[in-house]
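Biologist: Please take one part of this structure and walk me through it closely. I would like to see how the two chains meet, and then what lies beyond that.

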Amino acid sequence: MTATAAPTGLRGRIDQWFLSRRPPSDRLELTQRNVYIVPTAAGWMLLATVLVLLVASINYQLNLGYLLTFLLAGSAAVGMHISHATLRGLAMHLTPPEAQFAHAAAVFRVTLHNVRRSTRFGIGMAVRGSGHWAWTDVPAQGSCPVEIAFLPHRRGLHAMPPLTAETRFPLGTFRVWTVWRPAASLLVYPAPEAHPPPLPPGEPVAGQPTGAVARARAAGEYDGIRAYRRGDPLKLVVWKKAARAQAAGSDDLVSRDTQQAQREELWLDAQAAALPNEEARLSRLCAWVLMADRLGVDYGLRVAGRSVAPAQGEAHKRQCLEVLATC
Amino acid sequence: MLTVKPRLAPRWGGALPRDARDTLFLLGVIALIVLPQVSNLPWWCLVLAAGVLAWRARLALQSKPLPGKWWRVALLAVTIGATLATHRTLLGRDAGVAMVVALLALKTLELRARRDAMVIFFLGFFAMLTNFFYSQSLLTALAMLLALLGLLTALVNAHMPVGRPPLMQAARLAGLMALLGAPIMLALFVLFPRIAPLWGTPNDAMTGRSGLSGTMRVGAIAQLALDNGIAARVKFDGAVPARNTLYFRGPVLARFDGREWRELNPFARALPADLEVRGPPVRYQMTLEASQRPWLITLDVTPQAPQAPGIDLRQTADLLWVSTQPVRDLLRYRAESYTQFRSGPTQRVPALRSYLALPPGGNPRTVAWAEQLRADPAVLAGGTPALVRAAMRHLRTGGYEYTLEPGVYGDNTADEFWFDRKAGFCEHIASAFVVLMRAAGVPARIVTGYQGGELNGVDGYWVIRQSDAHAWAEVWEEGQGWVRVDPTSAVSPGRVGTFQRLAPEPGVFAGAFDAMSPTLTQNLRAAWEAVNNSWNQWVLNYTQGRQLDLLKKIGFSAPSMQDLITVLLGLVIAVSLGGALWTLWERSQHDPWLRLLGKARARLRDAGIDVGEATPPREMAARLGQRFGANADLASDWLLRLESQRYARSAPLALSALRAEFTRLAWPR
């Protein structure tokens with residue numbers, strides 16, 4: 001999230017002012033107003049070439065040389081317009097991004113719409129300043145999706161970083177670009193710790209005996225079967241029934257149902273993480289949440305004065321991660 | 001040469017990986033650029049270019065890695081060494097051409113980064129221009145147009161980073177760019193002021209063209225190429241003298257070995273110049289192009305040394321002004337000449353014998369004919385003037401022809417001219433004439449120089465071109481001294497006095513189609529000549545004078561260079577203003593949805609429902625419903641869909657579909 005860093009120096013301030021002029025929106029139509037164009041190094045080189053050709057034509061009085069020079073200059077001038085028109089009139093639409101883990105490669109999905117009757121070639125998109133370009137052609141009167149790679153750095157709920165679209169088509173002599181501030185915000189979870197210690201021990205639920213449950217789980221006592229729920233560990237799936245269902249033409253899976261009544265509760269607590277640094281603690285909690293979710297056990301979360309009651313499943317996991325991201 | 005042309009090999013084109021295909025295409029374009037100048041390149045350059053291109057093509061086909069840095073360094077060293085060995089410099093024109101071609105080929109071995117590719121393209125544009133040093137014919141122009149399209153195609157293709165787009169797609173776009181760029185080219189070509197070279201052009205490799213050289217080898221040139229390069233520019237102080245007096249004197253040739261005319265041995269006894277001038281002087285300023293020769297060309301005759309600061313001048317007995325140094329740069333000087341003059345000894349002096357010498361045994365028929373003429377009673381009575389008149393009459397009436405393609409002459413050039421071929425250009429005619437005079441016992445010599453010229457309307461300069469180079473004769477008459485005689489004027493009156501030139505006859509198609517149909521050959525040749533002539537007239541000879549004529553046609557009474565620039569700037573401003581207005585219009589109209597809504601609003605007003613600018617489609621639909629009930633259902637539905645097209649979260653309906661529906665929709669009235 002480089003863009004949220006405080007602006008430094010004059011350049012940074014100009015940049016900030018430039019960005020602030022663009023109203024944030026998840027849909028951007030490119031017009032004369034928001035498409036910019038500057039010559040590239042190759043463009044300056046072409047200019048130098050044309051000048052040398054012109055001098056040679058003058059000095060050797062070559063009328064055909066004049067023709068070549070002027071045709072080249074004319075083509076380059078037309079190329080400039082084609083270059084600008086490659087972006088002008090393009091519509092970009094951002095699919096609201098899913099939450100991501102910090103420091104893990106992720107993508108934004110943008111759809112480019114082209115109402116023109118001809119293809120727009122060689123359009124690159126990237127998070128502004130990242131240098132990781134995704135190149136695409138947008139077909140005539142069609143649209144195409146682009147996945148823009150990015151690397152979220154800090155957890156939390158952030159504004160989307162500004163995106164940029166660029167093209168050097170057709171001659172490479174001009175860089176045509178635009179800057180887009182999407183309105184969507186992006187939720188970044190903490191980065192899960194790479195090698196977390198095992199889950200903390202469960203806390204007994206007040207007023208319930210504990211030993212029997214642990215034994216029952218270890219011995220694999222199950223109450224029955226139920227429909228598969230997202231997030232069920234693989235070992236709970238009844239594969240024999242699944243195979244039969246597949247033969248009958250259905251994709252439904254069934255899971256073994258464990259005893260609902262738990263006598264011991266797993267609480268993932270910031271204090272149990274036993275690390276001095278808060279971000280490191282959150283990283284460990286994040287890893288634990290993912291681990292507990294994989295194991296298919298109920299877990300609760302207590303962090304920074306907020307707590308999530310023990311439960312399991314996808315929605316619960318998301319809720320926990322959101323708490324970790326925003327606390 | 002290279003035979004790898006990817007466009008001609010669809011069998012490969014379909015299967016090759018993109019990198020290989022693009023590389024082969026670029027190599028093909030480079031080969032196309034180099035091919036037309038093959039005959040003008042040194043052999044090592046050809047071998048190097050062909051070898052490197054073929055090697056690179058092989059590497060591309062086999063997807064092998066490019067050679068290492070040392071290969072390139074070694075080949076570059078070879079190039080520089082060979083250029084130095086061939087041309088003794090790296091800077092001259094021919095050396096530059098060889099270097100550009102070799103570098104272009106070498107650079108293909110380094111096609112990695114985008115920058116490398118760009119360098120290839122720009123070197124390619126230079127290499128295209130170098131073709132024009134040797135030929136500006138229509139065919140060269142077409143080949144280079146093709147090459148330019150090829151380079152643009154490769155450039156466009158290089159900027160299509162996704163997938164493996166067909167080359168035709170890039171080619172179409174390159175063609176479109178060239179087509180749209182053509183008006184710009186035309187405007188610039190027509191209006192860009194034709195100015196003099198910014199600095200002295202190196203005059204290397206001007207041999208084989210018309211011009212002055214100090215010797216004259218008769219009959220050795222089968223076909224004289226007229227060089228339209230400028231030899232000198234003259235600014236006359238007053239009016240331009242009559243064209244038929246505009247003889248600009250160059251070296252005088254008096255020593256003949258049967259084949260070649262040279263200047264007299266400098267140690268030979270010189271005749272006194274003995275110059276007398278009459279009439280008013282002609283004052284002018286002369287700007288001589290670098291000629292690498294020591295002569296200062298002046299109007300015949302110039303008694304006083306031209307005022308050329310910093311240059312030591314002396315006048316030869318032949319009345320030619322010679323500097324101690326060759327003219328290596330543009331040289332400007334003032335001179336004062338007299339078109340009426342008398343020079344040379346009035347009495348027969350021994351030194352005149354040098355001007356009677358002929359190689360023994362040469363041109364026997366001419367010698368015999370000279371004896372015959374001498375014995376003619378009219379000549380006996382009238383002396384030398386009568387002899388000259390008789391010879392000139394014979395030239396006029398004897399069926400002699402002026403041509404730039406006389407073919408190669410044998411040993412007895414004068415005999416061949418007088419009796420066999422009866423065709424040639426000024427040097428054949430002047431040489432044969434002087435041989436005849438000498439054989440008849442009249443001292444005679446050849447003067448080379450320039451005759452005529454043309455007025456440049458822009459700056460009022462009189463322009464003398466290399467194609468105005470001329471050779472005439474001077475015969476000595478008792479009591480008169482040297483008298484100028486221009487035998488070419490008797491053969492081709494157009495050659496002297498007007499600026500009409502004999503166009504060289506192209507023999508390109510001659511004979512090839514003769515077997516098929518003589519008329520077809522004739523028609524084809526006529527058509528080809530017509531096309532070539534238009535090309536020469538409109539493209540190659542498009543000069544300052546023509547630019548000003550054009551300005552006159554569009555209403556400038558006294559056009560000048562400034563006017564050209566004014567028109568060019570005016571055009572640029574007009575186009576820019578047009579563009580700006582179009583942009584403004586587009587900006588005000590750019591939202592197609594609003595435009596469509598505006599049209600719908602107009603329909604509602606037609607139906608008598610007054611709606612404001614800010615009325616949303618939903619309200620418009622409601623008011624239609626109130627007014628027309630079920631009749632308006634279709635229109636209301638369309639308005640609602642127009643609204644959802646703009647504001648709904650789901651995938652938007654195509655606006656073009658709604659627009660198409662709008663035109664079909666029956667609006668209630």
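**Where the chains meet**

Modeller: Start with chain B as a whole: 34% of its 669 residues count as buried. This is a predicted model, so keep that in mind throughout. The secondary structure of chain B comes to 21 helices and 20 strands. Look next at contacts in chain B between residues at least 6 apart in sequence: 68% of them join residues at least 24 apart.

Now turn to the meeting of the chains. On one side are 40 residues of chain A, and they are in contact with 43 residues of chain B. Which parts of chain A supply the side that touches chain B? Helix H2 (41-59) and helix H3 (63-87) each supply at least two residues. H3(A) gives the most, with 16 residues. What kinds of residue make up this side of chain A? They divide into 25 nonpolar, 13 polar and two charged.

The largest nonpolar core has 79 residues. Within this core, A:Leu68 and B:Val101 touch the most other members. Helix H6 (residues 114-134) of chain B gives the most to the core, with twelve residues.

Take A:Leu68 by itself. Set aside its neighbours within four places in sequence.

Finally, go to another part of chain A. Here three strands form an open sheet, in the order S17-S18-S19, with mixed pairing. The edge strands are S17 (267-269) and S19 (306-311), and each pairs on one side only. From one strand to the next, the twist averages 15°. Strand S18 (residues 299-303) of chain A pairs with S19(A) in the antiparallel sense, over four bridges. One partner to find is that of A:Val303: in S19(A), its bridge partner is A:Arg306. Then look for the helix that goes with these strands. Helix H7 (residues 314-326) of chain A lies across S18 and S19 of chain A. Helix H7 of chain A runs at about 165° to S19(A).

Notes. Residues numbered from 1 in each chain as written. Chains lettered and ligands numbered in written order. Predicted model: local features only at pLDDT ≥ 70, side-chain atom pairs only at ≥ 80, totals over all residues. Pairing = 2+ DSSP bridges. Axes fitted to C-alpha atoms, helices over the stretch in contact; angles between N-to-C directions. Contact = placed C-beta atoms within 7 Å. Core = buried A, V, L, I, M, F, W, Y, C linked by C-beta atoms within 7 Å. Buried ≥ 20, exposed ≤ 12 C-beta atoms within 10 Å, placed from the backbone. Nonpolar A, V, L, I, M, F, W, Y, C, P; charged D, E, K, R; others polar.
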